[in-house]
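Hi there,

Here is the structure I promised to pass on to you. Have a look at it first, and then read my notes below.

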Amino acid sequence: ANMINVLQPDHVILSGPLIYAYPPYYEQVVKVAQATISKTKQSTVHFSTGALRGDAAAIGAAYYVFQSFFHN
């Protein structure tokens, strides 16, 4: 909730073994976050799980290398 209040994102993607293995855990995390973020952001922040799962870091790193190689 603190990161949401500071960064003011429109979308929060939650990832990790607990998020994928235990849907009630994801629901509780979202519920607590929505209850503790600033009142002005509560209706505008959307939560979802990451589609890339364990590959997210590798794909992100490859994308960064690709972008820096071809756009500099």
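Contact here means heavy atoms within 4.5 Å. Before the findings, two words on the source. This is a predicted model, in which local features need pLDDT of at least 70 and side-chain atom pairs count only at pLDDT 80 or more, while totals for chains, interfaces and linings use all residues. Residues are numbered from 1 along each chain as its sequence is written, and side-chain values use heavy atoms, with hydrogens and water left out.

Let me begin with His11, which sits in strand β1. Helices (H or I, at least four residues) and strands (E, at least two) are DSSP runs, numbered from the N terminus. Not counting residues up to four places away in sequence, His11 touches His46, Phe47 and Ser48.

Next comes helix α3, residues 23–36. Its 14 residues should span 20 Å at 1.5 Å a residue, and its end C-alpha atoms are 20 Å apart, which agrees. The expected span is 1.5 Å times one less than the number of residues. Which residues of α3 are buried? They are Tyr26, Val30 and Ala33. Seen down the helix axis, these buried residues fall within an arc of 65 degrees, so they line one face of α3; the arc is that of the directions from the helix axis to the C-beta atoms. As background, an α-helix has 3.6 residues a turn, so residues three or four places apart point the same way. The cover over the buried residues of α3 includes α1, β1 (11–14), α2 (17–21) and β2 (46–49).

What does the other face of α3 carry? Turned away from the buried side are the exposed residues Pro24, Glu27, Lys31 and Ala35. Glu27 has a relative accessibility of 52%, so it counts as exposed.

Ala1 belongs to the segment before α1. Leaving aside neighbours within four places in sequence, Ala1 is in contact with Ala33, Thr36 and Ile37. The C-alpha atoms of Ala1 and Gln34 are 7.6 Å apart, at 33 residues along the chain. Ala1 is partly exposed, at 36% relative accessibility.

Val6 is in helix α1 (residues 2–7) and is exposed at 65% relative accessibility. Together with Met3 and Leu7, Val6 makes a nonpolar surface patch of about 360 Å². Patches are made of residues with over 30% relative accessible area and no salt bridge: like charges are joined within 9 Å, nonpolar side chains (Val, Leu, Ile, Met, Phe, Trp, Tyr) within 5 Å. A salt bridge is a side-chain nitrogen of Lys or Arg within 4 Å of a carboxyl oxygen of Asp or Glu. Accessible areas come from the Shrake-Rupley method with a 1.4 Å probe, and for residues only the protein chains shown count as cover.

Now for the loops. Gln8, in the loop between α1 and β1, has a phi near 55 degrees, a positive value in a residue other than glycine. Gln8 is partly exposed, at 40%. Arg53 lies in the loop between β2 and α4 (56–70), and its phi is positive too, at about 50 degrees, although Arg53 is not a glycine. At 49% relative accessibility, Arg53 counts as partly exposed. Lys39, in the loop between α3 and β2, is exposed with a relative accessible area of 63%. The C-alpha atoms of Lys39 and Asn5 are separated by 9.8 Å, at 34 residues apart along the chain.

Best wishes

How values were computed:
Buried means under 20% relative accessible area, exposed over 50%, partly exposed in between (1.4 Å probe, protein chains only).
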